[in-house]
Amino acid sequence: SWSQIVSPTTPPVGRARATAAFDPNRSEIVLAGGERPSTLLRDAWSFDGSRWQPIPLQGQRPMRSFAALAVEPSGSSVLAFSGLGISTTPAADTWRWDGRAWSQLNVPGPSPRVAAATCTSPTAVWLYGGDNWGSGSAFSDLWRWDGTAWTQVVAAGPSARTGAGMTWDLQANVAVLFGGATPLTLPTDTWTFDGVAWQQQVTTTAPTGRWSPAMAFDPVLGRTVLCGGISGASPLTDTWLWDGTAWSPVPSGSLPVGHQATTAAFDLQRLQVVARTTSTTTGYLGWSFDGQAWNQIGATPPSYEMLYATWDGKLLGYPYTFGLLHGEGMNLHSLSATAASATPYGGTCGQNAPTVAASTWPRLAEAGFEVELVRAQPSSFAVVLGAVQPASLPLLGCTLLVPPGQAAVLLPTDVRGNAALALPIPASIGFLGVALHFQAAAPDPNAPAGFAMSRGLRIGIGD
C-alpha cells in the first residue's frame, strides 16, 4: 500500500519531467531538474527515505537566451554578458567560463540587452549594439572587455541595430561588421573598426540585408566568410567572402534550401570555418566551409526550443584551442578531436560484478581525477588493473579486458563496497590524447574462481 511521506524539511517545488536515480555513494535518491510553466529548473535534491535536502551545485550560469558570448583572447575562457532570463527581462551580468565552471564577475558594464554582436581581437573582446527586448529600439554603443573591466568606446559608427554579424579580421587587424536590423530596415552597410575609430566601407556589391548572419574570419583563406541569416519568412542560404575591400558571392557556396545559418566560427583543429544550421526536416547540423562549398559534418546540440527560438545559440572557435564550443541557454557543448572521454567496454563476469567509473572528465591539469569502484564487496578489498591498451583474454571463466603486467593496485573498500584510485592528471600537453584502460576484480564466492570482474573503462585524456 502507499503512504505519504511528509518531509520535515522544505521539499523541492512541484515539477514535471524531472529525473531521479539512486546514488550508491550517497545511499540516497537524487532528483535533478525538471520544468515548471515557462521555467526550466536546474536544481538538485537528495532524499534519504524521510527528508529532502538541497544539493548545492557550483559553477553554473543562470539561463540566458540571446546572450553575448565570446572567447577571451587567451583562448582558455569564455565571456558571457547579459541575455534574456526566464522573466523575459534582460540581465546586466558578466560571467566567465574558465574551462571547468562558470563564475560571475562583479563588474559594471553595458546596459542589459539581447542579440548584441561580439568578436575577439588579440587583446580584447568587443561588444556592439543589441536591443532591450521588446522596447522597439536598438543600441549603437561599442564596449571593450580587457579581461578585468568593461570600457565604453566613444566613436561615431554604424546606426543602432541588433543581431549584426561581427568578426575580427586577423589579416587587416580590424573588426568587420555587417547587417543586423534597425527598427525599420535591414541595413546592407559594411563597417570596420581598428580599435579606435569606425570606418564605413564603400562597396559596389554586398549581401542583401539580413539579421544574425553566420560570420567568421578564416585565416587560411584570408577572408571573412558570411553565410545565411534571417530576412523575412525564409532563411537565406547564400555565402559571401569579404577580402578587406569588397564582397564577392560564392556561387557554389549555398546551403540546402530551408537550412537557416545564424552562427559560425573558425575551428583550429579543422582549419575551416564551421557554421550551425537549423532545419524543420533535419534538425541542427554542422557544416564546414572549404572555400568553395559547405560540407556537412554532423548533428549539433539543439537549443531549448521551449524557451528559445531556433536561432539562439552561438558557435565559438578561434582563439579557443580545442576545436569548437556551442553555447546556448546555460550550456556549453564541445566539438573537439581531443575531447576528454570515459567509455565503458566489454562485459561483466559474475552476478555481483563491481562497476568502474570516472569521477570527472579526465582533462589536463585535473588534479582530483579518480578511477572509482562501486558495488564491490563491502569492507573488503578489490584489485584495479590498468594498461595503455585494451585486451580480451580468457581468464578462469571470465574475460580480462586489460593486458596483465602493466599496473595492478590493491584497494580497500568501504562499508558500501566503494573505493577510489587517485590519478592526478598533469598539465603537460604531452598527455593530451593519451588513452588508459581499467578493469576491477573483487571477491565474490558465487563468481567463477571466486572473483567478479567489472566491465572495462577507457579514459581518453583531453581538453
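Predicted model: local features only at pLDDT ≥ 70, side-chain atom pairs only at ≥ 80, totals over all residues.
User: Which residues does F438 touch, not counting residues up to four places away in sequence?

Analyst: F438 is among the residues that touch the most other members of the largest core. Beyond four places away in sequence, the residues that F438 touches are V356, V371, V384, L385, G386, V402, L423, R455, G456, L457 and I459.

User: Which cysteines form a disulfide?

Analyst: The structure holds one disulfide. A disulfide requires two cysteine sulfur atoms within 2.5 Å. A sulfur pair 1.9 Å apart forms the disulfide, and it belongs to C349 and C398.

User: How many residues apart are C349 and C398?

Analyst: C349 is in the loop between strand 32 (341-345) and strand 33 (355-358), whereas C398 is in strand 37 (residues 398-400).

User: Are C119 and C227 buried or exposed?

Analyst: Neither residue is in a disulfide: for C119, the nearest cysteine sulfur is that of C227, 19 Å away, and C227 is likewise in no disulfide. A residue counts as buried under 20% relative accessible area. C119 has 6% and C227 has 1%, so C119 is buried and C227 is buried.

User: What is the volume of the largest cavity?

Analyst: A search of the whole structure finds two cavities of 30 Å³ or more. For the largest of them, the volume is about 720 Å³.

User: Which strand gives the most to the lining of the largest cavity?

Analyst: The lining has 46 residues, and those closest to the centre of the cavity are T118, M166, T263, K314 and L315. Among the elements that give two or more residues are strand 11 (117-120), strand 15 (165-169), strand 25 (260-267) and strand 29 (314-316). With five residues, the one that gives the most is strand 25.

User: How many charged residues are in the lining of the largest cavity?

Analyst: By class, this lining has 29 nonpolar and 12 polar residues. Its charged residues number five.

User: Which strand gives the most to the lining of the second largest cavity?

Analyst: The second largest cavity has a volume of about 30 Å³. It is lined by A68, L69, A70, L79, F81, T118, V125, L127 and W150. Strand 7, strand 8 (78-81) and strand 12 (125-128) each give two or more residues to this lining. The most, three residues, come from strand 7.

User: How many nonpolar residues are in the lining of the second largest cavity?

Analyst: Sorted by class, this lining has no charged residues and one polar residue. The number of nonpolar residues is eight.

Notes. Residues numbered from 1 in each chain as written. Heavy atoms only, no water. Core = buried A, V, L, I, M, F, W, Y, C linked by side-chain atoms within 4.5 Å. Buried < 20%, exposed > 50% of the residue type's maximum accessible area, 1.4 Å probe, protein only. Contact = heavy atoms within 4.5 Å. Helix = DSSP H or I, 4+ residues; strand = E, 2+ residues; numbered from the N terminus. 1 Å grid on protein atoms, 1.4 Å probe; cavity = no way out; pocket = protein on both sides within 12 Å on 5 of 7 lines; lining within 4 Å. Points joined across faces, edges and corners; volume = space filled by probe spheres on them. Nonpolar A, V, L, I, M, F, W, Y, C, P; charged D, E, K, R; others polar.
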